Amino acid sequence: MTVIVRFAPSPTGLLHVGNARVALINWLFAKAHGGYFMLRYDDTDQARSTEEFAEAIGADLSWLGLVWDKKAWQSKRLDQYAAAADKLKADGRLYACWETPDELDFKRKRQLARGLPPVYDRSGLHVSAADRAKYEAEGRQPHWRFKLEHKDVRWDDLTRGDSHVNCTSLSDPVLIRGDGTYLYTLPSVVDDIEFEVSHIIRGEDHVTNSAPQIQLFQALGAVPPAFAHLPLLTDISGAGLSKRLGSRSLADLREQGIEAMAVNSLLAKLGTSDAIEIRSSLDQLVDEFDIGHFSRATPKFDPNELAHLNAKLLHTLPFSQVAPRLAALGLEQADEAFWDAVKANLAGIGDAAQWWPVVAGPITPVVEDGAFLAQAAAVLPEGPWDHATWGAWTNAVKQASGRKGRELFHPLRLALTGRENGPELKLLLPLIGRDKASARLSGQIA
Ligand SMILES: Nc1ncnc2c1ncn2[C@@H]1O[C@H](COP(=O)(O)OP(=O)(O)OP(=O)(O)O)[C@@H](O)[C@H]1O
């Protein structure tokens with residue numbers, strides 16, 4: 001069987017880390033099984049969907065490296081949904097209902113007051129021709145419900161195991177609103193059939209939808225795909241994430257200097273039995289992927305954990321990979337030695353910019369003890385300088401001054417870099433060079 005999966009966001013906001021986790025797991029599942037990943041915009045809600053959000057979602061997925069094999073827009077496929085609706089009507093599985101929202105509300109309240117579950121009573125099935133004519137004359141538009149079979153629907157969920165929903169306790173779902181627009185269910189199933197989706201991997205928010213959807217697959221003459229419902233990712237406080245509220249968006253993370261592979265490394269392993277470690281490529285995550293490793297416990301997104309992974313990742317990146325990005329930060333002259341010196345001290349790649357003046361100048365040195373610095377300047381070695389220079393020089397300063405430890409090193413760092421702490425001076429010193437070092441030790445801006 002060819003594995004075909006889809007990520008189906010509504011373009012109503014920016015992707016958050018929860019959406020990204022589902023997209024990534026779909027993509028990894030497809031690639032681990034030699035299959036295909038589809039991006040499908042669930043944009044039938046024309047009022048809230050925008051082209052800008054659709055583009056931003058595509059850009060976010062591309063940034064993560066989740067290249068899609070196919071892309072579709074539900075708003076361009078309305079004819080297919082109408083054809084499916086016609087078939088369901090002809091088969092007696094889609095029926096018109098004429099209640100107004102107030103009438104439905106009243107019915108629900110009455111049922112609840114009698115201690116009954118607020119399940120739709122199917123009165124739409126028994127509307128007389130006269131009543132129908134009356135409603136039409138009043139200008140009412142019917143909404144359309146899918147007639148469920150009142151039975152238990154079971155499926156073997158790849159994450160939740162044996163799952164079932166008793167459809168007797170569900171209202172027949174509305175598939176088409178009074179204004180003729182489609183709710184999520186019908187377009188989703190029609191697309192999954194047409195695009196031959198083999199596995200639906202999505203958030204747990206869709207578990208109860210699965211039973212009516214399975215019946216809908218069958219009513220449209222198709223075999224339902226396999227399902228995996230993953231627990232929803234929450235914030236560290238346990239609060240939910242929402243695309244519409246703009247929480248934890250990928251765009252924000254990118255803005256903060258977080259690397260795509262740091263996000264992928266975290267989201268591919270969060271909520272699994274595997275250790276969370278930095279991975280430098282999606283291929284590595286594909287090799288390690290097993291959907292059976294995802295647990296049912298609610299995973300929490302911890303920004304500090306991501307920041308920590310990001311710093312670790314930067315440490316592993318070769319200069320060839322970061323050179324264009326350093327250039328984009330205005331550091332065209334930064335070379336491999338600079339990158340190797342600073343990479344361990346960056347929270348985000350943008351931080352490299354703050355270290356550039358330390359090697360290229362000018363900076364204002366911090367002079368704590370001028371006499372000591374003069375003593376140190378006097379024993380500065382002649383060039384050429386390399387990684388051994390710092391050790392040789394500080395040994396000489398130690399001999400000359402009798403200082404050691406922090407008392408020896410800290411004033412040198414303050415003078416040479418103007419900062420309390422930072423990259424290893426062994427690596428920085430040859431980049432600063434003798435002239436600038438000497439000037440800074442005497443308190444000059446250099
Ligand atoms: N917090 C979350 N954790 C994991 N998956 C999620 C989370 N929220 C949504 N998803 C999944 O993301 C996919 C895209 O869903 P959808 O576009 O409806 O996102 P959403 O964030 O729920 O949107 P909105 O906030 O606009 O309702 C679905 O598979 C959905 O189950």
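**Reading the model step by step**

Modeller: Let's begin with helix α9 (residues 260-269), where nine of the 10 residues are buried, so the helix is largely enclosed by the rest of the structure. "Buried" means that 20 or more other C-beta atoms lie within 10 Å of a residue's own; 12 or fewer means exposed, in between is partly exposed, and C-beta atoms are placed from the backbone. Helices (H or I, at least four residues) and strands (E, at least two) are DSSP runs, numbered from the N terminus. This is a predicted model, where local features need pLDDT of at least 70 and side-chain atom pairs count only at pLDDT 80 or more, while totals for chains, interfaces and linings use all residues. Residues are numbered from 1 along each chain as its sequence is written.

Biologist: Which residues of α9 are buried, and which helices do they pack against?

Modeller: Among the buried ones are Met261, Ala262, Val263, Leu266 and Leu267, and also Asn264 and Lys269. The buried residues of α9 pack against α1, α2 (51-64), α8 (250-255), α10 (282-288) and α11 (303-316). After α9 comes Gly271, with a positive phi near 75°.

Biologist: How do I read a nonpolar core?

Modeller: In soluble globular proteins, nonpolar side chains tend to be buried together. A core here is a set of buried Ala, Val, Leu, Ile, Met, Phe, Trp, Tyr and Cys residues joined through C-beta atoms within 7 Å. The largest one in this model has 85 residues, and Ala20, Leu24, Ala262 and Val263 have the most contacts inside it. Helix α1 (residues 17-32) gives the most to this core, 10 residues. Apart from it lies another core of 16 residues, including Ala84, Leu88, Ile176 and Tyr182.

Biologist: What is Ala20 in contact with, leaving aside its neighbours within four places in sequence?

Modeller: Ala20 meets Leu15, Leu64, Leu250, Val263 and Leu267. Two residues are in contact if their C-beta atoms, placed from the backbone, lie within 7 Å. Across the chain, 77% of the contacts with a separation of 6 or more link residues 24 or more positions apart.

Biologist: How do I judge the overall shape?

Modeller: Look at the radius of gyration, taken over C-alpha atoms, beside a globule rule of 2.2 Å times the number of residues to the power 0.38. A compact globule of 446 residues would come near 22 Å, but this chain has 31 Å. The C-alpha trace spans about 105 × 45 × 40 Å along its principal axes. Buried residues make up 36% of the 446 residues, and the secondary structure comes to 18 helices and 12 strands.

Biologist: What domains does the chain have?

Modeller: Domain bounds come from an automatic or database assignment. For this chain the assignment gives domain 1 (4-73 + 184-233), domain 2 (82-176), domain 3 (250-352) and domain 4 (361-441). The C-alpha centres of domain 3 and domain 4 are 33 Å apart. Seven residues of domain 3 are in contact with five residues of domain 4. The side of domain 3 that touches domain 4 has five nonpolar, one polar and one charged residues. In these classes, Ala, Val, Leu, Ile, Met, Phe, Trp, Tyr, Cys and Pro count as nonpolar, Asp, Glu, Lys and Arg as charged, and the others, Gly among them, as polar.

Biologist: Which residues come nearest to the ligand?

Modeller: Gly18, Arg202, Gly203, Ser242 and Lys243 do, out of 19 residues around the ligand. A residue is near it if its C-beta atom, placed from the backbone, lies within 6 Å. The elements giving two or more residues to this shell are α1 and β9 (199-203), and α1 has the largest share, four residues. By class, the shell has five nonpolar, nine polar and five charged residues.

Biologist: What should I look for in the backbone?

Modeller: Most residues other than glycine have a negative phi, and most peptide bonds are trans. In this model a cis bond joins Gly361 and Pro362, with omega about -5°, and Pro362 sits in the loop between α14 (352-360) and α15 (370-378). Another cis bond joins Gly383 and Pro384, with omega about -10°.

Biologist: Where is Arg122?

Modeller: Arg122 is in the loop between α4 (101-113) and α5 (129-137). Its phi is positive, about 65°, although it is not a glycine. Arg122 counts as partly exposed because it has 14 C-beta neighbours inside 10 Å.
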